[in-house]
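I opened the model today to look up a few things and keep notes. The entries follow in the order I made them.

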Amino acid sequence: MKRTFIILLFTSIILQSCSPKIRTSLSNNEYKALDDESEILVIKENEKIPANSNFIGELKIGDSGFSTDCGYTKVIDDAKETAKKSGANLIHLTEVKKPNFGSTCYRIKAKLYRNLNSDVLAQISKSRKLENKSRLPSDADYAVVYFYRPKMFTGSMIGFKIRMDDETVIGRVRNGEKFKYKITEFGKHEFWGKTESRASVIIDIEKGQEYFVRCAMNIGVAVGRPEMYVVENELGISEYESLKEKKKK
């Protein structure tokens, strides 16, 4: 019994340590938590907070030191869940740190607000959708998945193959490289890479859409561990376009 308890405790600690570290400082506790169906909107660093928004508190999500599931989408999803529990429906990003030499995680600082003006919320939601709109032609009968790996010191000498579903190799990502994959097989597909461990993302491919997968290598026991995250189109386009295409020999 004691041994089982120790194993469960150890497993719990490991799972918690793999997640980003979340800290909140609330100055307004009068609002009840929002329901699961509530839309939580993100306002970028250079955007103004809508008038008549009530400040609720501050939020910080960082690297626990052992975090592995800490891509941009995961961090923003965690921020939305935290905001929802605090009664906030607006997240104003005040700082976004991309993965770098010191951490393979995205880290953010934000302020939480509440605003129930339906016109204001609709305008913000519309703006976000336009920013993440596909750039493919409206009559495109295919989709494109972009894979890219920004230059980082960690695991810089190690590359890994990207496979789809079974063992089908569709490309390879080395440090500072990128490639795109045109696909006409719509529906859910798993894209994955493996070194001493395996990383994967599952994307529900729709015709005419674009998808961006950020890749990286994290510290491992021997070779290093691959990481793969789906990111929003706006961020993906910016990071993907900043990398040069690999010259074909």
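**Salt bridges**

I began with Glu210, which forms a salt bridge with Arg135, the closest N and O atoms being 2.9 Å apart. Glu210 lies in strand E12 and Arg135 in the loop between helix H3 (118–131) and E6, so this pair ties together parts that are 75 residues apart in sequence. I note that the model is a predicted one.

I then looked up how covered the two partners are. Glu210 is buried, with a relative accessible area of 3%, while Arg135 is partly exposed at 40%.

I checked Arg135 for another partner and found Glu241; their side chains meet in a salt bridge at 3.6 Å, N to O. Glu241 lies in helix H4 and Arg135 in the loop between H3 and E6, so the pair ties together parts that are 106 residues apart in sequence. Glu241 is partly exposed, with a relative accessible area of 47%.

I also listed Arg198 and Glu190, whose side chains meet in a salt bridge at 2.8 Å, N to O. Arg198 counts as partly exposed at 44% relative accessibility. Lys44, Glu47, Arg128, Glu131 and Glu234 are linked in a network of salt bridges. My search of the whole structure gave 14 salt bridges.

**Helix H4 and its cover**

Which residues of helix H4 (residues 233–241) are buried? I get Asn233, Leu235, Gly236, Ile237, Glu239 and Tyr240. The cover over these buried residues includes helix H2 (72–86) and the strands E6 (143–148), E9 (178–183), E12 (210–218) and E13 (225–231).

I looked up Thr82, which sits in helix H2. Thr82 counts as buried at 13% relative accessibility. Not counting residues up to four places away in sequence, Thr82 touches Ile22, Thr24 and Leu59.

Next was Ile205 in strand E11 (residues 198–205). Ile205 counts as buried, because its relative accessibility is 2% and the cut-off for buried is under 20%. Leaving aside neighbours within four places in sequence, Ile205 has contacts that include Ala143, Val145, Ile183, Phe186 and Tyr211.

**Backbone angles**

Most residues other than glycine have a negative phi. I wrote down two residues with a positive value. Asn52 has a phi of about 65° although it is not a glycine. Asn52 lies in the loop between strand E2 (41–43) and E3, and is exposed, with a relative accessible area of 72%.

Asp165 is also not a glycine, and has a positive phi of about 60°. The loop that holds Asp165 runs between strand E7 (160–164) and strand E8 (168–173). Asp165 counts as partly exposed at 34% relative accessibility.

**Surface charge**

Where do I find positive charge gathered in a patch? Lys21, Arg23, Lys60 and Lys97 form such a patch on the surface. I placed Lys60 in strand E3 (residues 54–62). Lys60 is partly exposed, with a relative accessible area of 38%.

**The chain overall**

I ended with totals. The secondary structure comes to four helices and 13 strands. Of the 249 residues, 44% count as buried. The accessible surface comes to about 14700 Å², of which 52% belongs to carbon and sulfur atoms. Among contacts with a separation of 6 or more, residues 24 or more positions apart account for 71%.

Terms used:
Residues are numbered from 1 along each chain as its sequence is written. This is a predicted model: local features need pLDDT of at least 70, side-chain atom pairs count only at pLDDT 80 or more; totals for chains, interfaces and linings use all residues. Side-chain values use heavy atoms; hydrogens and water are left out. Patches are made of residues with over 30% relative accessible area and no salt bridge: like charges are joined within 9 Å, nonpolar side chains (Val, Leu, Ile, Met, Phe, Trp, Tyr) within 5 Å. Accessible areas come from the Shrake-Rupley method with a 1.4 Å probe; for residues, only the protein chains shown count as cover. A salt bridge is a side-chain nitrogen of Lys or Arg within 4 Å of a carboxyl oxygen of Asp or Glu. Lys and Arg count as positive and Asp and Glu as negative; His and the chain ends are not counted. The place of a charge is taken as NZ of Lys, CZ of Arg, CG of Asp or CD of Glu. Buried means under 20% relative accessible area, exposed over 50%, partly exposed in between (1.4 Å probe, protein chains only). Contact means heavy atoms within 4.5 Å.
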